[in-house]
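Hi everyone, thanks for coming along. I'd like to walk you through one model today, so please have a look at the screen before I start.

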Amino acid sequence: MDLGTILFFGVLTIILIVPAIMVVIASKPVHSAMYLVATLLGVAVLYLTLSAEFLAAVQVILYAGAVMVLFLFVITLLNPTEGEGPDPIRSQALVGAALAFSLLGMIAILLLAGVLRSPFADYPPRPPTWGDNIQAVGAVLFTQYLLPFEIISILLLVAIVGATVISQSRPKGE
């Protein structure tokens, strides 16, 4: 690396440290989320300097865009400035645990029956030999890593439903 590149990375790193620290010390959750957006955009700039354009685009679209919108949506729904009351879904813990164990049991049965293939069956995964980089990422994601991808999508759906249930207004007497 030449001196200009090293200086650029040094300056960019110093610039990125400020919003990263502010994420932790900000007093309001919305401000913390906005500092996180600035940090994620800075990481995308780092990816661009390393000639990883696809990763930079994914960083901006998925993390700085979609995930941060989800975070801000949850922050505004939960309204963290209100005092905490009794836990409204405490009584449903047994039902939730039973559903979680039944889902894990079904996945285990499908794995043992050979219907689903474990993502770790051939670890490390073989590199694809065709197409460009984006096509290869899509092919590996939706073939070898389909089960973890689907589990993460279910987890995100449960988190959104949970945040919506928690944030619903409750009568004053409860």
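Let me begin with a question: does glutamine 59 count as buried or exposed, and at what relative accessibility? Glutamine 59 counts as buried, because its relative accessibility is 7%. Here buried means under 20% relative accessible area, exposed means over 50%, and partly exposed is what falls in between, with a 1.4 Å probe and protein chains only.

A word on where this comes from. This is a predicted model, so local features need pLDDT of at least 70 and side-chain atom pairs count only at pLDDT 80 or more, while totals for chains, interfaces and linings use all residues. Residues are numbered from 1 along each chain as its sequence is written, and side-chain values use heavy atoms, with hydrogens and water left out.

Now the overall picture. The protein chain has 6 helices and 0 strands, and along the sequence it reads α-α-α-α-α-α. Helices (H or I, at least four residues) and strands (E, at least two) are DSSP runs, numbered from the N terminus. Of the 174 residues in the protein chain, 16% count as buried. The accessible surface is about 12,900 Å², and 74% of that belongs to carbon and sulfur atoms; these areas come from the Shrake-Rupley method with a 1.4 Å probe, and for residues only the protein chains shown count as cover. As for contacts, meaning heavy atoms within 4.5 Å, take those in the protein chain with a separation of 6 or more: residues 24 or more positions apart account for 54% of them.

Let's go to helix H2, residues 29-49. H2 has 21 residues and reaches 31 Å from its first C-alpha to its last, close to the 30 Å expected at 1.5 Å a residue. That expected span is 1.5 Å times one less than the number of residues. The buried residues of H2 are Ser32, Ala33, Val37, Thr39, Leu40, Gly42 and Ala44, and they pack against helix H1 (3-25) and H3.

Two of those are worth a stop. Serine 32 counts as buried because its relative accessibility is 15%. Leaving aside neighbours within four places in sequence, serine 32 is in contact with Val23 and Ala26. Threonine 39 is also in H2, and at 14% relative accessibility threonine 39 counts as buried. Not counting residues up to four places away in sequence, threonine 39 touches Leu16, Pro19, Ala20 and Val23. Just after H2, serine 51 takes a positive phi of about 60 degrees.

On to helix H3. The 26 residues of H3 (residues 53-78) should span 38 Å at 1.5 Å a residue, and the end C-alpha atoms are 35 Å apart, which agrees. H3 bends by about 30 degrees at methionine 68; the bend is the angle between axes fitted to the seven residues ending there and the seven starting there. Buried in H3 are Ala56, Gln59, Ala64, Met68 and Ile75, and the buried residues of H3 pack against H2.

So how do we describe a pair like that? Two packed helices are described by the angle between their axes and the distance between the axes. For H2 and H3 the angle is about 175 degrees, with the axes 8 Å apart. H2 and H3 are therefore roughly antiparallel to each other. The axes are lines fitted to C-alpha atoms, for helices over the stretch in contact, and angles run from 0 to 180 degrees between N-to-C directions. Angles over 145 degrees count as roughly antiparallel, under 35 as roughly parallel, 65 to 115 as roughly perpendicular, and the rest as oblique.

Back to glutamine 59, which is found in H3. Not counting residues up to four places away in sequence, glutamine 59 touches Leu40, Val43, Ala44, Tyr47 and Ala64. Glutamine 59 and valine 43 are 16 residues apart in sequence and 7.7 Å apart in space, C-alpha to C-alpha.

One last stop: threonine 164, in helix H6 (residues 146-167). At 33% relative accessibility, threonine 164 counts as partly exposed. Threonine 164 and leucine 77 are 87 residues apart in sequence, yet 7.2 Å apart in space, C-alpha to C-alpha. Thanks, everyone!
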